[in-house]
Amino acid sequence: MQRPSRSTIRTTVLWTLLPAAILYWIALSWSAAEGISAKMVLRDLAQACSAPLGKGFLSSVGYLLWMAAASIVLFAAFTGQIKGSAVNRQFAFCGGGFSLWLCLDDMFLVHDRYLGETFLYVTYAVFTGLLLLRFRGPLQRFGGDSFLLSVCLLGASVLIDMFQGAFPASYETVQIYEEGAKFLGIAAWLAFWCHYVSATSKLSTS
């Protein structure tokens, strides 16, 4: 069995273990400053809160899908697997970064607790519009209809959330439609980026 080279170990320590250790330390220190015990930070959320298995299941799957989209497209962009024009790679970086931010927003409830829904919704709409305008070429060539389908579903979720008081239905019923549109939108978003990475990786370099 071949031994790992020192350079490989050094790279792993520098770019993987060190950032992970720093994040671990920050999480514990920040929590301690907020009066939260280490046990509550280290244990699984469902275990710490004695919650049944199904609680928050779809929400958790949703941000896992965001995370999958971000991981796939950013990895492909950083490792040079996105071929063709430079615009293709720029689109991948923008889409991957946006996916990562949406994942963090879902995981840590940024729009609910910190920045406010209206501000973030407007920001998301503007950024999505810029993506559609700036990257018309890649979208037209690589399954832009799936991208638009995802945007429409996610937009429908936002609109239902903003005007839920206007619907003649119970809060739970409105939530089913709102979260359903969001969940399907995230799934379509992941499908688009998987297709995009697959298609652009097969292009010749220009």
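I call a residue buried under 20% relative accessible area, exposed over 50%, and partly exposed in between. I also note that this is a predicted model.

I then checked phenylalanine 93. It has 29% relative accessibility and counts as partly exposed.

**Entry: aromatic pairs**

How many aromatic pairs does the structure hold? I found 18. I picked the pair of phenylalanine 78 and phenylalanine 93. Their ring centres are 4.9 Å apart and their planes stand at 75°, so I logged the pair as edge-to-face. The cut-off for that label is over 60 degrees. Phenylalanine 78 sits in helix 4 and phenylalanine 93 in helix 5 (residues 86–108), so this pair ties together parts 15 residues apart in sequence.

I also noted one aromatic cluster. Among its members are Trp66, Phe91, Phe98, Tyr124 and Trp193.

**Entry: second largest pocket**

I looked up the volume of the second largest pocket. The value is about 300 Å³. Which residues line this pocket? I listed Met67, Ala70, Ser71, Leu74, Phe75, Phe78, Thr79 and Leu100. So Phe78 turned up again, here as a lining residue.

Which helix gives the most to the lining? Helix 4 (residues 57–78) does, with six residues. Last, I sorted the lining by class. I counted six nonpolar residues, two polar and no charged ones.

Technical notes. Residues numbered from 1 in each chain as written. Predicted model: local features only at pLDDT ≥ 70, side-chain atom pairs only at ≥ 80, totals over all residues. Heavy atoms only, no water. 1 Å grid on protein atoms, 1.4 Å probe; cavity = no way out; pocket = protein on both sides within 12 Å on 5 of 7 lines; lining within 4 Å. Points joined across faces, edges and corners; volume = space filled by probe spheres on them. Helix = DSSP H or I, 4+ residues; strand = E, 2+ residues; numbered from the N terminus. Nonpolar A, V, L, I, M, F, W, Y, C, P; charged D, E, K, R; others polar. Phe/Tyr/Trp six-rings, centres within 6.5 Å; stacked < 30°, edge-to-face > 60°. Buried < 20%, exposed > 50% of the residue type's maximum accessible area, 1.4 Å probe, protein only.
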